[in-house]
Amino acid sequence: MGELLVVDGANVVGSVPDGWWRDRRGAAERLRDRLVAYAERTGAEVILVVEGAARGVGSVPGVRVESADGSGDDHIVELVARLGRPCTVVTADRELRRRVGALGASCVGPRTVRP
């Protein structure tokens with residue numbers, strides 16, 4: 001079993017001002033598809049958490065997508081708490097880093113998975 005990566009979709013998509021705000025769902029789908037290549041290259045298990053207008057983006061082989069009913073950050077914290085295994089959260093959000101760090105998760109920034 002490879003590294004488990006939990007990706008804060010809204011934070012990673014928002015880390016590059018490439019017009020993502022015009023099509024949040026499309027931006028989340030593009031991120032998901034880039035994460036497939038990351039998973040193949042590294043052997044990581046990847047979970048992408050989406051929220052808001054990006055809800056409903058489907059999973060694909062290599063990337064499981066979870067839609068948050070409310071706050072994506074809260075969903076990530078709950079997910080990390082119930083995983084029961086070490087994981088790395090991809091986000092630049094300081095408060096989310098603090099919350100998942102208290103649960104034992106490691107954190108890396110968006111550049112880890114973005115070109």
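Hi everyone. A nonpolar core is a set of buried Ala, Val, Leu, Ile, Met, Phe, Trp, Tyr and Cys residues joined through side-chain atoms within 4.5 Å, and buried means under 20% relative accessible area with a 1.4 Å probe, protein chains only. What we have here is a predicted model, where local features need pLDDT of at least 70, side-chain atom pairs count only at pLDDT 80 or more, and totals for chains, interfaces and linings use all residues. Residues are numbered from 1 along each chain as its sequence is written, and side-chain values use heavy atoms, leaving out hydrogens and water.

So, the cores. The largest nonpolar core has 22 residues, and Val7, Leu35, Val46 and Leu48 have the most contacts inside it. Strand 1 (4–8), helix 1 (9–13), helix 2 (24–42), strand 2 (45–50) and strand 3 (63–67) each give two or more residues to this core; helices (H or I, at least four residues) and strands (E, at least two) are DSSP runs, numbered from the N terminus. Helix 2 supplies the largest share, 7 residues. A second, separate core of 14 residues includes Leu4, Val49, Ala68 and Ile76.

Now for a helix pair. Helix 3 (residues 72–83) and helix 4 (residues 94–101) pack at an angle of about 20°, with axes 10 Å apart; axes are lines fitted to C-alpha atoms over the stretch in contact, and angles run from 0 to 180 degrees between N-to-C directions. That makes the helix 3 direction roughly parallel to helix 4, a label for angles under 35 degrees. Thanks, everyone!

Key. Buried means under 20% relative accessible area, exposed over 50%, partly exposed in between (1.4 Å probe, protein chains only). Angles under 35 degrees count as roughly parallel, over 145 as roughly antiparallel, 65 to 115 as roughly perpendicular and the rest as oblique.
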